[in-house]
Amino acid sequence: MDTMRERFASTVSRLLDDDPRLAVVLAEIGKDGFADAQRAHPDRVINVGIREQLLVGVGGGLALTGMRPILHTFASFLVERPFEQLKLDFGHQGVGGVLVSAAGSYDWPAGGLTHMAPGDVALMDTLDGWTVHVPGHPDEAEALLRDAAGAGDDSVYVRLSAHTNAAPRTVAPGRFLTVREGHGGVVVAVGPMLDGVLAAVEGLDVTVLYATTVRPFDGRALRAAAGAAAAGAAAAGGGAVGSGAAAADVVLVEPYLAGTSTAAANDALADVPHRVLGLGIARRELRRYGTIEEHLAGQGLDAVSLRERIGGFLRLT
């Protein structure tokens, strides 16, 4: 199976052949994947070198001319380092584009903190109007990339990862997918966290929602799932609160900073009794990086740790 980054390069290279409005801007990283596309479209595959602020500035300039720029590098260099340019060259100028990141929170542990960006989605939350996709499989990445490339002049962030689920799901941009239903609470698994979550909740009576688009947050789907789970629990004789209202218990499992989406979940459930637990990457830095799997275990995001944390919060273990 190809990686998400390989699928990104092949997909966007084909899109460049079909859509003269698209342009790719690189900052050295990822250039080899676009070598053929650069020869075919030298005016629309631009490598600015290791100049990430310029990467974003060039993208914003292309957008001002009516082009649809697709910008790519590691998340720490795409979101964190040139954040002021994102805020001004896209947000303030009122133009859109597609940011496609790699490395994420811990994809290349040996690279250390300079190549990790667990706070990227939380940082993007401070900007207005950005759609954020977090695919969990290369097939999902392709579908979301195609949607982003054709999304008019919208601003879209696509977070690719080396950490993937074993099989793709049929996803719809902007919608959560119901993977299984239960009465003991709702677990929202974001992107590559799905397989670990499903292993963790095996045998537990919970609903699992799969999120590959986290902004906008599908509050309607969460509200419906939480309401159904709480009602089922109340009918079975548990979960009653106050004068008979059922409590909605929700766990968010995200592959970036813990609690990034808790405010969105709280907003979706604002007028019903509820509890929300946000699991993800801690602010504490792990300085012995090891492998992706070791990093997950160190963050309490492996299946064994997730079962203990989810089951304890939902009072199911």
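1. Arginine 14 counts as partly exposed, at 38% relative accessibility, on a scale where buried means under 20% relative accessible area, exposed over 50% and partly exposed in between (1.4 Å probe, protein chains only). The model is a predicted one, in which local features need pLDDT of at least 70 and side-chain atom pairs count only at pLDDT 80 or more, whereas totals for chains, interfaces and linings use all residues. Residues are numbered from 1 along each chain as its sequence is written, and side-chain values use heavy atoms, with hydrogens and water left out.

2. The side chain of arginine 14 meets that of glutamate 142 in a salt bridge (3.6 Å, N to O), the term being used for a side-chain nitrogen of Lys or Arg within 4 Å of a carboxyl oxygen of Asp or Glu. Because arginine 14 lies in helix 1 and glutamate 142 in helix 7, the pair ties together parts that are 128 residues apart in sequence; helices (H or I, at least four residues) and strands (E, at least two) are DSSP runs, numbered from the N terminus. Glutamate 142 is buried, with a relative accessible area of 19%.

3. A salt bridge also joins the side chains of aspartate 139 and arginine 7 (2.8 Å, N to O). Aspartate 139 belongs to helix 7 (residues 138–149) and arginine 7 to helix 1 (residues 4–18), so this pair ties together parts that are 132 residues apart in sequence. Aspartate 139 is partly exposed, with a relative accessible area of 35%, while arginine 7 is buried, at 13%. Asp2, Arg7, Arg14, Asp139, Glu142 and Arg146 are linked in a network of salt bridges, and the structure holds 15 salt bridges.

4. Strand 4 (residues 98–102) is mostly covered, with 5 of its 5 residues buried. In a regular strand the side chains alternate between the two faces of the sheet. Here Val98, Val100 and Ala102 point one way and Leu99 and Ser101 the other way.

5. As for its partners, strand 4 pairs with strand 3 (residues 68–74) in the parallel sense over 5 bridges, where pairing requires that DSSP finds at least two bridges between the strands. Phenylalanine 74 stands opposite alanine 102 in strand 4. Strand 6 (residues 155–159) runs parallel to strand 4 and is joined to it by 4 bridges, with valine 156 as the bridge partner of valine 98.

6. The largest nonpolar core has 46 residues, and those with the most contacts inside it are Tyr157, Val186, Val188 and Leu222; such a core is a set of buried Ala, Val, Leu, Ile, Met, Phe, Trp, Tyr and Cys residues joined through side-chain atoms within 4.5 Å. Helix 9 (residues 219–235) gives the most to this core, with 5 residues. Leaving aside neighbours within four places in sequence, valine 188 is in contact (heavy atoms within 4.5 Å) with Phe176, Leu209, Ala211, Leu222, Val250, Val251, Leu252 and Val253. A second, separate core of 24 residues includes Leu194, Leu204, Leu279 and Ile310.

7. Arginine 287 forms a salt bridge with glutamate 285, the closest N and O atoms being 3.3 Å apart. Arginine 287 is exposed, with a relative accessible area of 65%, whereas glutamate 285 counts as partly exposed, at 28% relative accessibility.
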